[in-house]
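Keep the structure open as you read.

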Amino acid sequence: MNQRIRVATKNRAKKKSPAIVQTAWNLKSLYKNDDDPRMDGQRTAIERASYAFINTWENRSDYLEDPAVLRQALDQYEAWKRFYGSDGDEGYYFWLRTQQDQNDPRLKARFNKIEEFSKKIENNIQFFYLRLARINPQLQRRFLAYDGLAKYRHYLERIFAEARYHLSEAEEKILNLKATTSYANWTKMTSGFLSKEVRPVINENGIEHFKPFAEIIGLMNSKNKRVRDSAAWAFNDILRKNVEVAEAELNSVLAHKKIDDELRCAPRPDTLRHLADDIDSEVVDALIGAVAERFNIPSRFYALKAKLLGVKRLAYHDRNAEYGVVAKRYTYEKAVSLVYSVMNNLDRQFGAIFEEFIKNGQIDAHPRKGKDSGAFCIHHLIIQPTFILLNHAGKLHDVLTLAHEVGHGINNELIRSRQHALDFGTPTSTAEVASTFMEDFVLEEILRGSDDELRLAIMMQKLNDDVSSIFRQVACYRFEQELHAEFRAEGYLSKEDIGRLFRKHMAAYMGSAVVQSPGSENWWVYWNHIRYFFYVYSYASGLLISKSLQNSVKQDPAFIHNVKEFLSAGLSDSPKNIFMKLGVNIASRRFWDEGLDEVEKQLSETEILAKKLGKLTISRTGSKEV
Ligand SMILES: [Zn+2]
């Protein structure tokens with residue numbers, strides 16, 4: 001890996017940005033085509049490797065007692081995960097192929113076949129970590145202290161920590177089976193009812209059309225005030241119609257969660273979420289506390305937006321209305337060259353990794369019929385290449401998406417170079433750090449080359465996104481906390497009770513520039529995330545860690561070394577400990593404040609820019625863009 005990067009870095013001196021040879025995936029590093037004869041041989045190899053492991057360990061218990069034997073078992077397990085897994089190259093290959101062409105039933109069939117093959121192996125091999133989880137606490141401590149197991153310490157810690165809240169095998173089975181009727185069917189019912197609703201909505205030409213619920217949500221962000229208002233009326237009408245059902249549903253879901261937590265003896269409603277995400281509760285508490293103390297930032301932002309849109313206060317559904325026009329276009333070549341130069345300036349290894357992605361055909365860039373929409377970055381086995389899917393259409397947003405996905409890709413390569421197969425990955429709490437880090441630096445470069453009007457429009461869009469990811473999600477987290485606490489205290493919550501709590505937390509971060517318009521008290525009805533329990537903090541944690549790191553790099557470019565250390569750590573330790581080794585305490589509010597300072601700085605710059613352009617004077621409010 002180092003060798004390859006050194007060569008690539010040398011090449012860099014000769015050319016400004018990588019030559020784009022191919023803009024579709026080159027999957028030849030996996031197979032030469034869909035009927036590559038190597039597939040059969042590889043399946044046999046996967047089976048042989050899997051059952052060699054299973055047959056060696058399934059009937060033994062010494063690895064559960066002797067740490068030296070466990071080390072041997074883990075080495076073999078790691079090698080299996082590294083070279084084979086349960087589906088090898090074939091599973092990865094056909095998954096990628098189905099993303100390239102979603103309408104080809106032959107590809108789907110091939111993927112289903114390998115998935116079936118893989119499930120059998122997964123079922124047969126899972127005894128290994130399920131039994132590890134059942135090692136008694138005293139032995140667990142001995143294993144964790146044993147030098148020979150240092151390599152796998154955090155892998156074991158993760159398994160042991162979750163095991164603390166496991167029940168007996170039989171009880172777990174019952175809980176699993178009952179979850180469908182006491183949880184999943186309820187949430188599916190509400191979202192199913194909502195998705196069936198249609199209402200008449202005015203389009204851009206002023207004509208009324210019947211639109212389904214999913215489309216109505218999107219129309220509330222239209223630049224056209226009449227369209228927005230009409231969509232909001234329809235949206236609120238649908239929620240009002242379904243709020244009774246949602247009240248019954250949410251009460252069941254809250255009861256389900258309460259029962260689970262009591263049976264598992266979880267001390268707090270959010271404990272199991274934190275455990276699953278490998279983040280300490282004290283870190284999340286510091287994050288939530290720090291963000292809530294800075295709710296003046298989103299309030300100031302909405303006040304600025306109201307002024308720019310020429311209104312006294314924004315209606316609840318107008319919060320996300322776009323301000324200004326961002327019409328600049330970017331070809332894919334231009335986007336690559338821009339993103340490359342930013343990454344290369346930050347760190348030459350970043351540039352070199354991106355260059356390899358381009359050279360090896362690891363990025364599928366353009367929209368095509370049948371191709372998956374949106375964008376993603378995917379990895380599978382540690383020895384297989386990363387692949388990135390884009391649908392580049394030439395907008396500013398597409399340039400940022402490229403930066404975002406390549407950020408994920410760089411993160412993968414850094415982890416790959418330093419960690420073993422059992423620590424290859426990122427915890428949910430920090431999964432979006434690398435991506436948003438790159439995105440923000442690229443945005444800054446774009447802003448440098450923009451005139452003031454464009455700059456203002458871009459900054460407003462960016463702040464809108466950041467406010468939603470950080471402050472709105474933290475407000476939602478606090479709503480969830482109070483929702484579970486009140487339910488547990490009262491036994492049942494009416495739709496009015498839920499609406500009152502919801503409105504209180506939304507008003508807290510939006511401030512007085514946003515009206516809590518009639519109907520907005522029901523918006524919890526469609527907010528799916530609250531049904532996943534305390535997941536939303538991760539939007540804020542990823543982005544704020546990223547902002548805090550950006551802040552440090554801006555003050556001292558050499559800090560990029562620490563950023564790389566963090567991005568290389570994968571699952572080898574908890575985010576708190578990884579940062580501790582870099583001398584940073586993320587359980588302190590100070591850390592989160594640094595990220596928040598970065599957002600506030602951008603807001604202040606935007607306010608000054610708006611003033612400079614004369615957008616905030618009373619005479620201008622007549623020519624509003626609402
Ligand atoms: Zn992402």
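His404 and His408 sit four residues apart in helix α17, so about one helical turn separates them. An α-helix has 3.6 residues a turn, so residues three or four places apart point the same way. His404 is buried at 16% relative accessibility, and His408 is buried at 15%. Buried means under 20% relative accessible area, exposed over 50%, and partly exposed in between (1.4 Å probe, protein chains only).

## What the model is

This is a predicted model, with residues numbered from 1 along each chain as its sequence is written. Local features need pLDDT of at least 70 and side-chain atom pairs pLDDT 80 or more, while totals for chains, interfaces and linings use all residues; side-chain values use heavy atoms, leaving out hydrogens and water. Helices (H or I, at least four residues) and strands (E, at least two) are DSSP runs, numbered from the N terminus.

Three strands make an open, mixed sheet in the order β3-β5-β4. β3 (363-364) and β4 (376-378) are the edge strands, each with a single partner, so one side of each has no neighbour in the sheet. Strands pair if DSSP finds at least two bridges between them. β4 and β5 (residues 387-389) run antiparallel and are joined by three bridges; in one of these strands, β5, Phe387 is the bridge partner of Ile378.

Helix α17 lies across β3, β4 and β5, at about 15° to β4. Axes are lines fitted to C-alpha atoms, for helices over the stretch in contact, and angles run from 0 to 180 degrees between N-to-C directions.

## The covered helix α22

How many residues of α22 (560-568) are buried? Seven of its nine are, so to speak, tucked away, and the helix is mostly covered. Among the buried ones are Ile560, Val563, Phe566 and Leu567.

The buried residues of α22 pack against α15, α16, α17, α18, α21 and α23, where contact means heavy atoms within 4.5 Å. Gly570 follows α22 and has a positive phi, near 55°.

## Aromatic pairs

The structure holds 34 aromatic pairs. One of them is edge-to-face: Phe479 and Phe502, 5.2 Å centre to centre with 80° between the planes. This pair links distant parts of the chain, with Phe479 in α19 and Phe502 in α20, 23 residues apart. Phe479 is buried at 0% relative accessibility, as is Phe502 at 1%.

Rings of Phe, Tyr and Trp (its six-membered ring) pair if their centres lie within 6.5 Å; planes under 30 degrees apart are stacked, over 60 edge-to-face and the rest tilted. Ring pairs also link Phe53, Trp57, Tyr63, Tyr77, Trp80, Phe127 and Phe128 into a cluster.
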